[in-house]
Amino acid sequence: MKQSLGLFLASLTLASAAPQAGAQANGPSGTLRVAINADIRSTNPGVNRDNNTDTLILHLVEGLVAYGENGRAQPLLAHSIDTSADGKTVTFKLRDDVTFHNGKPLTAADVVWSWQRYLEPKTNWVCAADFDGQRGNKIESVEAPDAQTVVFKLNRPQPLLLTQMAALQCGGGAILHKDSVNPDGSWKAPVGTGPYMLQEWRRGEYIDMAAYPGYKSRKGPRDGYTGSKIAYAEKVRWMVIKDDAARRVALIKGQVDLLPGLSVSELEEMGSQPNVEVKSAPTMTVNALLIQSHDPVLANPLLRRALAQSLDLSAITKLASGSTGSANSSMIPTVSPYRISPVQNQGHTFDVNAAKQLVAQSGYKGQPIKLVTNRRYPDMYDQAMMVQSMAAKAGINIELEVLEWATQLDRYQSGNYQLMSFAYSARVDPLMNYEMMLGDREKSKRKVWDNPQAIALYEQAAKINGSDHAARQKLFDQMHKMMLDDVPLIVLFNPGDANAVSKKLEGYAPWALNRTRVWNVKRNGA
């Protein structure tokens, strides 16, 4: 008889209840409450996911490597990493102090099982194409010569292998125990190695996590998703509060301790509360206007350029980010070391008269153009409103189509729209930024740019070692110029990550990857 999810999660709690050596002296205590604007999509890492899902799941699971504070992939479950001279064999030595939430030790066999599952097509892992040969790079085998050693055999050198393994949208390449799935292979619940373990998911209401007493943190300070990760709170409750005003009231009244992702309208109000402080950091998120250039109306590049020149990015940034963001025309975020090139500063000049001339040359007759957006993410809605208003001054007739976020995400994945107000979640390397929007649209409907020359430049950059900054920069600069010519999308800005934090919380810090982390956070007082 199939075990219910509730009984299964309860069994994990019992299995890990006994404190183990290495836990903090006084143990975790109290409950930390975080307000989120929508429920998670699943508990299956890197499968059915969105930003909220990634954020929560990465408190429960860990991969061989993870992003540090600087966005570089560093060891997490791995103790050491060695790459062969030809770049085609990568050997991971595992830490010997890691256990799963069911109390069982991490072994190389668990790594092999996890990665074989990800590469199995029926898993529907969103990042499979980065590793199964669809995009050229392929993991040919994952082997365990002994209990603490895992060997990945590659079809060719893959300079960004570790960066891709750690990707947030991939669930950080989480290493899971086999107990995470049912006997028939279907998903049950994550049995991971993170500082917190899943306790209860009451859909539409809350997700409860309990501190895992067997967790062994890496040494050193907090460092992205690696480094020190101490569960000071005995329990974390992520409360689904869809109404913006209700979330703010809950924080002001002390019913929640943390309100991530403040909208512009919330910044001033939250900053004026005596028991609340606003903390923000620049991010690598890319807000953009996506364009279906195969659409009959938008197929004309003159009209797309007219739209680009009708937009005042500074004004859009100020309104949609509350002055916490940075206007940017490049797929490379402003905080990236690759953004310092003068070429990356180039963009479409805001010029309404020039935009009108391009509209006239394009032959556009004022046909309505639908712009898909949503109200769940205020920045996406606000930027859509601004785009509509500014484009109208150039004679471009845009109508908003406001959808539920889940519906918009489905439309994004299928490419079923003309224009879409969107935000690409933070990526740490320019190649990963370009991968989100560049590629064969017949194979991946979410792509918006399929210029063969740009794809060739991308593939060339993918072969260069990440340490060769100059060679990579040259290719990224060429891609940026090409993107400005083709206008497959219009990059608008990189937002800031603004959070309203109760003054009872100690140790909370936002960061460039725009993800909430509640380890190393203490709640003081009742």
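This is a predicted model: local features need pLDDT of at least 70, side-chain atom pairs count only at pLDDT 80 or more; totals for chains, interfaces and linings use all residues.
Biologist: Which residues does the disulfide join?

Modeller: The disulfide joins Cys 127 to Cys 170, with an S to S distance of 1.9 Å. The cut-off for two cysteine sulfur atoms is 2.5 Å, and 1.9 Å lies within 2.5 Å, so the pair qualifies as a disulfide.

Biologist: Why is the disulfide of Cys 127 and Cys 170 called left-handed?

Modeller: The torsion about the S-S bond of Cys 127 and Cys 170 is about -90°, and the disulfide is therefore left-handed.

Biologist: What parts does the pair tie together?

Modeller: Cys 127 belongs to the loop between α3 (108-119) and β6 (139-146), and Cys 170 to the loop between α4 (161-165) and β8 (196-202). The pair therefore ties together parts that are 43 residues apart in sequence. Both Cys 127 and Cys 170 are buried.

Biologist: How do you know whether Asn 102 is buried or exposed?

Modeller: The relative accessible area of Asn 102 is 12%. Buried means under 20%, so Asn 102 counts as buried. Asn 102 is placed in the loop between β5 (89-94) and α3.

Biologist: Which residues of helix α6 are buried?

Modeller: In α6 (residues 264-271), the residues Glu 266, Leu 267 and Met 270 are buried. They cover an arc of only 115° around the axis, so they are on the same side of α6. Exposed residues Ser 265 and Glu 268 are carried on the face turned away from that buried side. The buried residues of α6 pack against several elements, including α5 (244-252), β14 (276-282) and α8 (313-321).

Biologist: How many aromatic pairs does a search of the whole structure find?

Modeller: The search finds 16 aromatic pairs. One of them is Tyr 377 with Trp 405, at 5.0 Å centre to centre and 80° between the planes. Pairing requires centres within 6.5 Å, and planes over 60 degrees apart count as edge-to-face, so Tyr 377 and Trp 405 form an edge-to-face pair. Tyr 377 lies in the loop between β17 (369-374) and α10 (378-393) and Trp 405 in helix α11 (residues 405-414), so the pair ties together parts 28 residues apart in sequence. Both Tyr 377 and Trp 405 are buried.

Biologist: Why is the pair of Tyr 412 and Tyr 424 called edge-to-face?

Modeller: The ring centres of Tyr 412 and Tyr 424 are 6.5 Å apart and the planes stand at 70°, so the pair is edge-to-face. Tyr 412 lies in helix α11 and Tyr 424 in strand β19 (residues 419-424), 12 residues apart.

Biologist: How do you know whether Tyr 424 counts as buried or exposed?

Modeller: The relative accessibility of Tyr 424 is 2%; this is under 20%, so Tyr 424 counts as buried. Tyr 412, with a relative accessible area of 6%, is buried.

Biologist: What makes the charged end of Arg 237 sit over the ring of Tyr 206?

Modeller: The charged end of Arg 237 is 3.7 Å from the centre of the ring of Tyr 206, and the distance limit is 6 Å. Lys 229 lies over the face of Trp 519, at 4.7 Å from the ring centre.

Methods. Residues are numbered from 1 along each chain as its sequence is written. Side-chain values use heavy atoms; hydrogens and water are left out. Helices (H or I, at least four residues) and strands (E, at least two) are DSSP runs, numbered from the N terminus. Buried means under 20% relative accessible area, exposed over 50%, partly exposed in between (1.4 Å probe, protein chains only). The arc is that of the directions from the helix axis to the C-beta atoms. Contact means heavy atoms within 4.5 Å. Rings of Phe, Tyr and Trp (its six-membered ring) pair if their centres lie within 6.5 Å; planes under 30 degrees apart count as stacked, over 60 as edge-to-face and the rest as tilted. A charge sits over a ring if NZ of Lys or CZ of Arg is within 6 Å of the ring centre and within 35 degrees of the ring normal.
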